[in-house]
Amino acid sequence: MKRKSKPVNDVILQTAAIIIFFIIVIFSIDLFFAGHYSPGGGFIGGLMTSSALVLLLLAFDSQTLKTVLPIDYRLMTATGLLIALGTSLHSIFWGRPFLTHAYDKFHLPLLGEQTLHTAIAFDLGVYLVVIGVTMTIIQTIGESE
Amino acid sequence: MAYQLLINFFLAFIWMFLTESFTSSGFFIGYLLGLFILFMMRRFFRTDGGSFYFARVWRLFKLFVIFIRELFLANFEVLRLVMSPKLKIQPGIFRYETELDKGWKVSLLSMLITLTPGTLVVQVSRDNSALYIHALNMPDKEVIKKEIYKNFELSIKEATE
């Protein structure tokens with residue numbers, strides 16, 4: 001997939017971008033899960049993931065990214081908001097105030113004793129909202145001729 | 001060669017399950033034993049045009065060592081040019097035809113050329129067949145071309161054949 005508008009061969013940029021993309025994505029997932037005990041969390045993880053997508057946008061064109069990742073980012077934002085709202089609302093049904101989080105120890109298969117917390121679901125909502133908003137802004141600016 | 005690596009990982013996991021040692025050292029021992037088995041069976045992979053995959057890993061390691069050596073030598077060369085009282089350099093851009101076929105090999109060669117000081121890849125031609133290289137000091141471009149070919153391109157060719 002080459003650009004039509006610029007007759008420049010950017011093979012070095014594209015090769016490097018494909019390799020670096022995966023490293024950035026795995027690092028962003030690590031940041032997302034590190035948020036409870038160490039610096040990190042949903043916001044910075046989402047920004048890091050969208051920066052990986054922006055790197056692909058720089059190396060290729062927006063049409064290529066649309067064929068590779070056919071995601072509607074506005075839907076993604078809505079989904080993230082719904083997840084965040086749902087995790088905030090669930091405590092009302094247990095007679096607790098809004099936004100009260102619950103946690104418990106579970107015995108998971110293959111993973112052993114793990115503590116699960118509902119804050120991770122809230123963080124997932126934040127993560128999806130950040131990716132959706134960032135990519136919507138960048139794509140709208142990029143496509144307005 | 002990727003499936004030889006997969007077989008090796010598979011053998012390492014089988015070794016872990018057989019000895020019931022689910023540790024990194026158990027995996028490492030299984031990996032070494034699998035490597036030995038694959039080495040005994042290296043002619044088996046030659047039937048479909050392949051070769052023993054660790055030979056390629058070894059050649060990549062050799063390329064890395066050559067790169068580190070060139071980095072040191074060329075850095076001292078640039079240091080000598082910078083510290084000399086009179087700047088006697090002849091900069092210029094020349095065209096270097098490469099025989100590498102795939103895009104990622106050309107990218108690897110370009111990065112190696114760029115990271116060794118004194119030379120810098122400015123552009124790649126449209127069909128990946130030539131690089132345009134800016135050199136800091138080129139009294140004779142044929143010498144630089146020969147050095148690049150001897151050091152990097154041959155090694156990349158050997159390592160990826």
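Me: Which residues of helix 2 of chain A are buried?
Reply: This is a predicted model. Helix 2 of chain A covers residues 42-59. Its buried residues are Gly42(A), Gly45(A), Gly46(A), Thr49(A), Ser50(A), Ala52(A), Leu53(A), Leu56(A), Leu57(A) and Ala59(A).

Me: Against which helices do the buried residues of helix 2 of chain A pack?
Reply: Those buried residues include Leu53(A), Leu56(A) and Leu57(A). Their packing partners belong to chain A: helix 1 (11-34), helix 3 (62-68), helix 4 and helix 5 (119-143).

Me: What distance does helix 2 of chain A reach from its first C-alpha to its last?
Reply: Helix 2 of chain A has 18 residues, for which 26 Å is expected at 1.5 Å a residue. The computed reach is close to that expectation, at 26 Å.

Me: How far apart are the end C-alpha atoms of helix 5 of chain B?
Reply: Helix 5 of chain B (residues 141-160) has 20 residues, and at 1.5 Å a residue these should span 28 Å.

Me: On which residue is the kink in helix 5 of chain B centred?
Reply: The kink in helix 5 of chain B is about 40°. Buried residues of this helix include Ile148(B) and Asn151(B).

Me: What covers the buried residues of helix 5 of chain B?
Reply: Among the buried residues of this helix are Ile144(B), Phe152(B), Ile156(B) and Ala159(B). The cover comes from chain B and includes helix 3, strand 1 (92-97), helix 4 (103-115), strand 2 (119-124) and strand 3 (130-135).

Me: What accessible area does the nonpolar surface patch that contains Trp58(B) have together?
Reply: Trp58(B) is found in helix 3 (residues 53-83) of chain B, and its relative accessible area of 49% makes it partly exposed. The patch also includes Phe61(B), Phe64(B), Ile68(B) and Met83(B). Together, the patch residues have an accessible area of about 1100 Å².

Me: Is Asn128(B) buried or exposed?
Reply: Asn128(B) lies in the loop between strand 2 and strand 3 of chain B. Its phi is near 60°, a positive value in a residue other than glycine. Because its relative accessible area is 16% and the cut-off is under 20%, Asn128(B) is buried.

Me: Where does Leu99(A) lie?
Reply: Leu99(A) is not a glycine, yet it has a positive phi of about 70°. Its relative accessibility of 42% counts as partly exposed. Its position is the loop between helix 4 (73-89) and strand 1 (103-108) of chain A.

Me: How many salt bridges are there over all chains?
Reply: Side chains of opposite charge can pair when their charged atoms come close. One of the salt bridges joins Arg74(A), exposed at 62% relative accessibility, to Asp72(A), partly exposed at 38%; the closest N and O atoms of this pair are 4.0 Å apart. The count over all chains is 6.

Me: With which residue does Lys105(B) form a salt bridge?
Reply: Lys105(B) counts as buried at 8% relative accessibility. The closest N and O atoms of the pair are 3.3 Å apart. The partner counts as exposed at 56%, and it is Asp101(B).

Me: How far apart are the closest N and O atoms of Arg69(B) and Glu70(B)?
Reply: Arg69(B) is partly exposed, with a relative accessible area of 44%, whereas Glu70(B) counts as buried at 14%. The two residues form a salt bridge, with the closest N and O atoms apart by 3.4 Å.

Key:
Residues numbered from 1 in each chain as written. Chains lettered and ligands numbered in written order. Predicted model: local features only at pLDDT ≥ 70, side-chain atom pairs only at ≥ 80, totals over all residues. Heavy atoms only, no water. Patch = residues over 30% accessible without salt bridge, like charges linked within 9 Å, V, L, I, M, F, W, Y side chains within 5 Å. Areas by Shrake-Rupley, 256 points an atom, 1.4 Å probe, with all protein chains shown as cover. Salt bridge = Lys/Arg side-chain N within 4 Å of Asp/Glu carboxyl O. Helix = DSSP H or I, 4+ residues; strand = E, 2+ residues; numbered from the N terminus. Buried < 20%, exposed > 50% of the residue type's maximum accessible area, 1.4 Å probe, protein only. Expected span 1.5 Å × (residues − 1). Bend = angle between axes of the 7 residues up to and from the residue. Contact = heavy atoms within 4.5 Å.
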